[in-house]
Amino acid sequence: MAESIWRIPLADIDIGEEEIEAVTEVLRSRWLTMGEKTQEFEAAMAAKLGARHAFAVANGTVALHLAYAALGLQPGDEVIVPSLTFVATANAATYTGAVPVFAEINGPQDLNIDPADIARKITPRTRAIALVHYGGFPADMDPIMELARAHGLGVVEDAAHAPGASYKGRALGTIGDVGCFSFFSNKNLAVGEGGLVVTNRDDLADKIRLMRSHGMTTLTWDRHKGHASSYDVVAPGFNYRIDEVRSALGLVQLGRLDENNARRKALVERYRELLAGVPGVDVPFGHPLGPSSYHIMPVLLPEEVSRADIIASMKENRIQTSIHYPPIHLFTYYRERYGLRDGMLPVTEAVAARELTLPLYPALGFDDVTQVAEALGRAVTAGRQVDSVVPAV
């Protein structure tokens, strides 16, 4: 592997001999497509989350597409979504022809979607609400579910950040009609590419099961095991299947999830202690609505400093940072396709302009956290001094 330019990267994957052996076992079995390991992984995830049905899929984006499609979204329907999220949350809705309607976040201390703004955005064309548990911190599900039931709307939980997190004793992803997880390489449970759809509704499970694999009534694994000899196609489905290698990785990673989430929590608490001494830097989610998975470490910089300069300063120290997220409604495609513009979501836009994501992963050391916090403190202090210089007349 090529040497990284980063002394402290933004994220790193926890992979060991157990994962290597799990993959080797699959290769030795000579069955690589969706089969027994996938069934084991799905059963383990369902048990972990307390979900009636769990379907492993190719990635988190197709999980979202299956969720929207199972709810029956059609061209012209509206889906209320946050703008402060990865673009897949909205992109996947557009695959059905539905129109994403963007709602505000609660504010600088809670970067999740604002239930009050959801209520303001509901129209006769609204068919669903999609919410994201930002950073693995629970969104306020009770008022969202009340709105959905009052208006007959479906609820999709984008829980890509949130395996192992919960709200009032219920696992995130299992409270709405459909929950969607991502197992991308930087996620808490990582297999490279992969995702999961969960639901407690039998009717939606029947649709998802068919749509995941071409609308076919039986799978290759069923025929290999002698449970069927042919198949029918009863819906225009997709090829959204996962493979055995990634399911085997997922089983091992699931066994480490609680321990790794606890480590993430300890690292975040250390960050909070250190950053409390950096004037102007805010750390959101000081009072989460339930146990978090602590997927990322977001901070909000002082308004008067240049984020680009802070990022450059951190890079000079070989510390990788990122931005979560550029608001979706300000991307070129969404501006041009839906006529969106600056100023439509002032709270989201103000917070997004200040957000900076710091390194966070289980193998990160407490000394590393100290170095990151100190480097950020120096960069912010320098930025404030630059801002305070008054040009000579």
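## Helix 10 and the residue after it

Arg 318 follows helix 10 and has a positive phi, near 60°. The model is predicted.

Helix 10 covers residues 307-316, and its buried residues include Ile 310, Ser 313 and Met 314. Viewed down the helix axis, the buried residues fall within an arc of 100°, so they line one face of helix 10. The other side of helix 10 carries Ala 308, Asp 309 and Glu 316, which are exposed.

## Helix 2 against helix 9

Helix 2 spans residues 36-49 and helix 9 spans residues 244-275. Their axes come within 8 Å and cross at roughly 30°. Angles under 35 degrees count as roughly parallel, and helix 2 and helix 9 are therefore roughly parallel to each other. The crossing of helix 2 past helix 9 is left-handed.

From helix 2, the contact uses Glu 36, Lys 37, Thr 38, Glu 40, Phe 41, Ala 44, Met 45 and Lys 48. These meet Glu 244, Ser 247, Ala 248, Gly 250, Leu 251, Leu 254, Leu 257 and Asp 258 of helix 9. Sorted by class, the contact of helix 2 with helix 9 has seven nonpolar, six charged and three polar residues.

## Arg 127 in strand 6

Arg 127 lies in strand 6, residues 126-132. Its relative accessibility is 38%, so Arg 127 counts as partly exposed.

Arg 127 and Val 79 are 48 residues apart along the chain, yet their C-alpha atoms are separated by 6.0 Å. With neighbours within four places in sequence left aside, Arg 127 contacts Leu 73, Asp 77, Glu 78, Leu 153 and Gly 154.

How values were computed
Residues numbered from 1 in each chain as written. Predicted model: local features only at pLDDT ≥ 70, side-chain atom pairs only at ≥ 80, totals over all residues. Heavy atoms only, no water. Axes fitted to C-alpha atoms, helices over the stretch in contact; angles between N-to-C directions. Helix = DSSP H or I, 4+ residues; strand = E, 2+ residues; numbered from the N terminus. Parallel < 35°, antiparallel > 145°, perpendicular 65-115°, else oblique. Left-handed = near helix turned anticlockwise from the far one by under 90°. Contact = heavy atoms within 4.5 Å. Nonpolar A, V, L, I, M, F, W, Y, C, P; charged D, E, K, R; others polar. Buried < 20%, exposed > 50% of the residue type's maximum accessible area, 1.4 Å probe, protein only. Arc of directions from axis to C-beta.
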